[in-house]
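Here are my notes on this model, as numbered points. Please read them with the coordinates open.

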Amino acid sequence: MLFSDRESCRYARSPLREVICQLRFPAILSIGNVEPADFQESIREDFPLYAAKQETPAPRVVGVGTPAPKLETPPTVVNYNFVSSDSLWKINLTRSFIALSTLHYTSWREFASRLDKPLAEFIRIYRPAFFERIGLRYVNIVSRSALGLEGTPWSDLFERAYLSALDESDVAEQMVSKCAVELELNLDSSCRAKIHAGPGMVKNNKPGAPEDRETKFILDMDLSMGGKVTANLAAGGLETLHGHATRLFEGAVTDTLRQAMGPLD
């Protein structure tokens, strides 16, 4: 089964590498034209570090289906960064989205509490008409060596829906140079998920860091809710997405992996 009815569980050795929440809204031009001083002041106690970056969105093809389609480069966008003193939590604000990300996810309760004030202050100051998209992304990277599972095949750790050829009895892992499952599905009338699952190498971008030669399993779950979500319903929408994410993750892992991660709840 793709989904599990298990309750949300915290793990002592969680494979979560990064969690990102993003809320997109119709463009508010004042955010890019004037530095968000009032917003910074309202969250500066929790996010004291600040930086502004000019970013150029990816080029896009316009006029598809016409005699003269062309490649168009969108104008640059200012991305305002507000970072916690330990650099583990970050708020991103642009004229079309606000996001919270962390490299130190411990529980949904903590993550939601970290988002509460920045989101409430953003809504108070900028009064978005609605949110066009609410998203939660969970990037899980499972290391067998970190869990004491060296030599254990991926087929013992993940359910077959996420394994593709790795679940075939006549296919050894060392025979496979590339294997991934790409899945997009509707979760209910307004929520959907885009999932990437499969083994791969993970780069360490820290200067001078040694090359990591271990093959890890990547389970990247990007869940979203579309439509015109009013500000007062945003928190409830995120709770709904978190519930779907729990069912998907618990449905993806086997009891062998679950025990190795060390359930705390």
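1. Cys 21 is buried, at a relative accessible area of 0%. Buried means under 20% relative accessible area, exposed over 50%, and partly exposed in between, with a 1.4 Å probe and protein chains only. The closest cysteine sulfur to that of Cys 21 is in Cys 191, 13 Å away, too far for a bond. Cys 9 is partly exposed, with a relative accessible area of 21%. Zero disulfides turn up in a search of the whole structure; a disulfide here is a pair of cysteine sulfur atoms within 2.5 Å.

2. A word on the basis. This is a predicted model, where local features need pLDDT of at least 70, side-chain atom pairs count only at pLDDT 80 or more, and totals for chains, interfaces and linings use all residues. Residues are numbered from 1 along each chain as its sequence is written, and side-chain values use heavy atoms, leaving out hydrogens and water.

3. The protein chain has five helices and 11 strands. These are DSSP runs, numbered from the N terminus: helices are H or I with at least four residues, strands E with at least two. The radius of gyration is 21 Å, close to the 18 Å that the globule rule gives for 265 residues, so the protein chain is as compact as a globular protein of that length. The radius is taken over C-alpha atoms, and the rule is 2.2 Å times the number of residues to the power 0.38.

4. Of the 265 residues of the protein chain, 42% count as buried. Among contacts between residues at least 6 apart in sequence, 68% join residues at least 24 apart. Contact means heavy atoms within 4.5 Å.

5. Leu 187 deserves a look. Leu 187 sits in the loop between strand E9 (181–186) and strand E10 (191–200). Setting aside neighbours within four places in sequence, Leu 187 is in contact with Phe 3, Arg 192, Ala 193, Leu 223, His 244 and Leu 248. Its C-alpha atom is separated by 9.6 Å from that of Met 225, 38 residues apart along the chain.

6. Two serines have backbone angles to check. Ser 87 has a phi near 65°, positive in a residue other than glycine. Ser 87 lies in the loop between strand E5 (77–83) and strand E6 (89–93), and is partly exposed at 46% relative accessibility. Ser 164 has a phi near 55°, also positive. Ser 164 is in the loop between strand E8 (131–142) and E9, and counts as partly exposed at 38% relative accessibility.
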